[in-house]
Amino acid sequence: PYGFPVFADGDTGYGNAMNVKRTVRAFEKAGVAAIMLEDQVAPKQCGHTLGKQVISRNESVAKIKAAHDARKEWRREKGLIEE
């Protein structure tokens, strides 16, 4: 039952904060140990090109909070943390 930890690319979370929450929960259910979320606006460009843009600070904070909430909710449901 034990394997190697998996680090997954969660892209941008596939949309807004609600989609980030759904993405994090799906990765957690799959057993992923860590997720990387990008902060570029759509359509994304290669990270080495000029002119790329990132999302606003407020949107980024909302996505990080959504990811944290999803992780906490999943762990609570599994009995891994108590309130």
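Is Arg-25 buried or exposed? Arg-25 is buried, because its relative accessible area is 18%, where buried means under 20%, exposed over 50% and partly exposed in between, with a 1.4 Å probe and protein chains only. This is a predicted model, in which local features need pLDDT of at least 70 and side-chain atom pairs count only at pLDDT 80 or more, while totals for chains, interfaces and linings use all residues. Residues are numbered from 1 along each chain as its sequence is written, and side-chain values use heavy atoms, with hydrogens and water left out.

**Salt bridges between helices**
- The whole structure holds six salt bridges, each being a side-chain nitrogen of Lys or Arg within 4 Å of a carboxyl oxygen of Asp or Glu.
- Glu-77 forms one of them with Arg-25, with the closest N and O atoms 2.8 Å apart.
- Glu-77 lies in helix H2 and Arg-25 in helix H1, so this pair ties together parts that are 52 residues apart in sequence; helices are DSSP runs (H or I, at least four residues) numbered from the N terminus.
- Lys-21, Arg-25, Glu-73 and Glu-77 are linked in a network of salt bridges.

**Accessibility of the partners**
- Glu-77 counts as exposed, because its relative accessibility is 56%.
- Glu-73 is partly exposed at 26%, and Lys-21 is likewise partly exposed at 27%.

**Another salt bridge**
- Lys-44 and Glu-38 form a salt bridge whose closest N and O atoms are 3.1 Å apart.
- Lys-44 is partly exposed at 34% relative accessibility, and Glu-38 is partly exposed at 25%.

Terms used
Helices (H or I, at least four residues) and strands (E, at least two) are DSSP runs, numbered from the N terminus.
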